[in-house]
Amino acid sequence: MEAMYKSAGSAQMDGGSVKGYASTFDREPDSYGDVVAKGAFEESLKHWESIGKPIPLLYGHNTDDPEYNIGKVTLAREDDRGLYVEAEFDAENPKAQYVRKLAKEGRLYQFRFAYQVLDAAPVELADGTKANELRELEIYEVSLVVVPANPRAQVIAAKDATEV
């Protein structure tokens, strides 16, 4: 079963958009020694769907300044590669529009996400590497960042509001 979340209310923010992978299920440990198991986001995505609120899109995990809340995730789903997300930038937030510009120019092309671990265990990977497998996560936000924990969590595309 594919876990998927769609944001409540489909009104466009008209500030452009970004899409890519906030997490991947490949078996290469990230900078913290973690690998994420397929299905780790399933319950969290169901929770977000049930409460009818958008997953926040932030810049750099900054939760202290509301200007860094630059948009909302409009679609999040697990596929074979990882946690795929699509998000809209806030048209009324100048910081959001500058971050969109940086993403569109390829100067900002990585994702991270804030989470709580609900289930994890040590594993030995096929090549003998030891890692911490994250098996169930509660996701709090998705951020565009300069320095990722997982270098494979990347932006696929960023667009202006006027682009089709």
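Predicted model: local features only at pLDDT ≥ 70, side-chain atom pairs only at ≥ 80, totals over all residues.
Local features were considered only at pLDDT of at least 70 and side-chain atom pairs only at pLDDT 80 or more, whereas totals for chains, interfaces and linings use all residues. Residues are numbered from 1 along each chain as its sequence is written, and side-chain values use heavy atoms, with hydrogens and water left out.

The chain contains 2 helices and 9 strands, assigned as DSSP runs (H or I, at least four residues, for helices; E, at least two, for strands) numbered from the N terminus, and their order along the sequence is β-β-β-α-β-β-β-α-β-β-β. Of the 164 residues, 44% count as buried, that is, under 20% relative accessible area with a 1.4 Å probe and protein chains only. Among contacts (heavy atoms within 4.5 Å) between residues at least 6 apart in sequence, 72% join residues at least 24 apart.

The lining of the second largest pocket comprises 20 residues, of which Asp30, Phe113, Tyr115, Ala149 and Asn150 are the closest to its centre. By class, this lining has 10 nonpolar, 4 polar and 6 charged residues, where Ala, Val, Leu, Ile, Met, Phe, Trp, Tyr, Cys and Pro count as nonpolar, Asp, Glu, Lys and Arg as charged, and the others, Gly among them, as polar. Strand 7 gives the most to the lining of this pocket, with 4 residues.

Ser23, found in strand 2, counts as buried because its relative accessibility is 2%. Beyond residues up to four places away in sequence, Ser23 touches Val36, Phe41, Arg81, Gly82, Leu83, Phe113, Asn150 and Ala153.

Technical notes
1 Å grid on protein atoms, 1.4 Å probe; cavity = no way out; pocket = protein on both sides within 12 Å on 5 of 7 lines; lining within 4 Å. Buried < 20%, exposed > 50% of the residue type's maximum accessible area, 1.4 Å probe, protein only.
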